Amino acid sequence: MKQPLVIAPSILSADFARLGQDTRAALDAGADWVHFDVMDNHYVPNLTIGPLVCKALRDFGITAPIDVHLMIEPVDRIIPEFAEAGASIISIHPETTRHLDRSLSLIRECGCQAGIVFNPATPLEALEWVIDKIDLVLLMSVNPGFGGQKFIPSAIPKLRQARRIIDDSELEIRLEIDGGVKPDNAAEIIAAGADTLVAGSAIFGAQDYAAVIRALRGERPT
Ligand code: DX5
Ligand code: ZN
């Protein structure tokens, strides 16, 4: 069953010199989660932030769920560090660990919710075998590595496929989409089955965060 819509701004597009304030501004503007993109210049061609920054946001007073998207390999060493730093959800790409089942179990053992991420050209195959070990499925609608890329349309039928698998499982699993999400494609994305929208450049690139968040939810401008 589909859960209430969650908007998760990707802080990759936030102002890093004022990260705490900018993150708080997005939450005050109506966002639900903080999407936290971790890149290692190895699995993806970009380098971003680690557990230290996650902890800094917690120390700054951010209490919303922090949705950590790991684009690094390997993952097992860093998972406990992120749990310790205040992560709520930790998602991993299957190809970044030799033992997916073990890594997903480790996330839950550390007290976080576990997510599995599929790149645009990666089939949903592994999902069937770990569905009892996850709380979230994240579909990439761009190739991971950068904010501000264009939405890849094949993510729409893939969302429908993932929605069917999740519904058939009767488990409480969120379906999140990440990459190129904007007010003008959000309705189609939600109709295809997504219940959690990541948006980086669409929110942080705008003057009025609240207006974009309302538009992503399909609410009319006030
Ligand atoms: C890409 C990241 C995304 C990215 C989304 O690798 O996983 O979270 O920040 O940015 P937009 O919304 O600008 O496509
Ligand atoms: Zn992401």
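I begin with a term I need: a polar contact is a pair of N or O atoms within 3.5 Å. I keep in mind throughout that this is a predicted model.

**Entry on the contacts of ligand 1.** I looked up what lies around ligand 1 and found 20 residues surrounding it, the closest being Asp37, Gly148, Asp178, Gly200 and Ser201. For Asp178, I noted a polar side-chain atom 2.7 Å from an oxygen atom of ligand 1. I then turned to the backbone, where an N or O atom of Gly180 lies 2.8 Å from an oxygen atom of the ligand, and where a backbone N or O atom of Gly200 also has an oxygen atom of ligand 1 at 2.8 Å. I checked the cover next: ligand 1 exposes 380 Å² when taken alone, and the protein buries 100% of that.

**Entry on the shell.** I asked which elements give two or more residues to the shell around ligand 1, and I found strand S2 (34-39), strand S3 (66-71) and strand S8 (196-199). The largest share, three residues, comes from S2. Sorting the shell by class, I wrote down eight nonpolar, ten polar and two charged residues. I also noted that the space ligand 1 takes up is the largest cavity.

**Entry on Ser141.** I located Ser141 in the loop that runs between strand S6 (136-140) and helix H6 (155-169). Is Ser141 buried or exposed? I recorded it as buried, because its relative accessibility is 0%, and the cut-off for that word is under 20%. Its side chain, I noted last, reaches the backbone oxygen of Gly179 at 2.7 Å.

Conventions:
Residues are numbered from 1 along each chain as its sequence is written. Chains are lettered from A and ligands numbered from 1 in the order in which they are written. This is a predicted model: local features need pLDDT of at least 70, side-chain atom pairs count only at pLDDT 80 or more; totals for chains, interfaces and linings use all residues. Side-chain values use heavy atoms; hydrogens and water are left out. A residue is near a molecule or strand if one of its heavy atoms lies within 4 Å of it. A polar contact is a pair of N or O atoms within 3.5 Å; within protein, one must be able to donate a hydrogen and the other to accept it, and residues adjacent in sequence count only if both atoms are side-chain atoms. Accessible areas come from the Shrake-Rupley method with a 1.4 Å probe; for residues, only the protein chains shown count as cover. On a 1 Å grid over the protein atoms alone, a cavity is a set of points where a 1.4 Å probe fits but cannot get out, and a pocket is an open set with protein on both sides within 12 Å along at least five of seven lines; lining residues have an atom within 4 Å of a point. A molecule sits in a cavity or pocket if more than half of its atoms lie within 2 Å of its grid points. Helices (H or I, at least four residues) and strands (E, at least two) are DSSP runs, numbered from the N terminus. Ala, Val, Leu, Ile, Met, Phe, Trp, Tyr, Cys and Pro count as nonpolar, Asp, Glu, Lys and Arg as charged, and the others, Gly among them, as polar. Buried means under 20% relative accessible area, exposed over 50%, partly exposed in between (1.4 Å probe, protein chains only).
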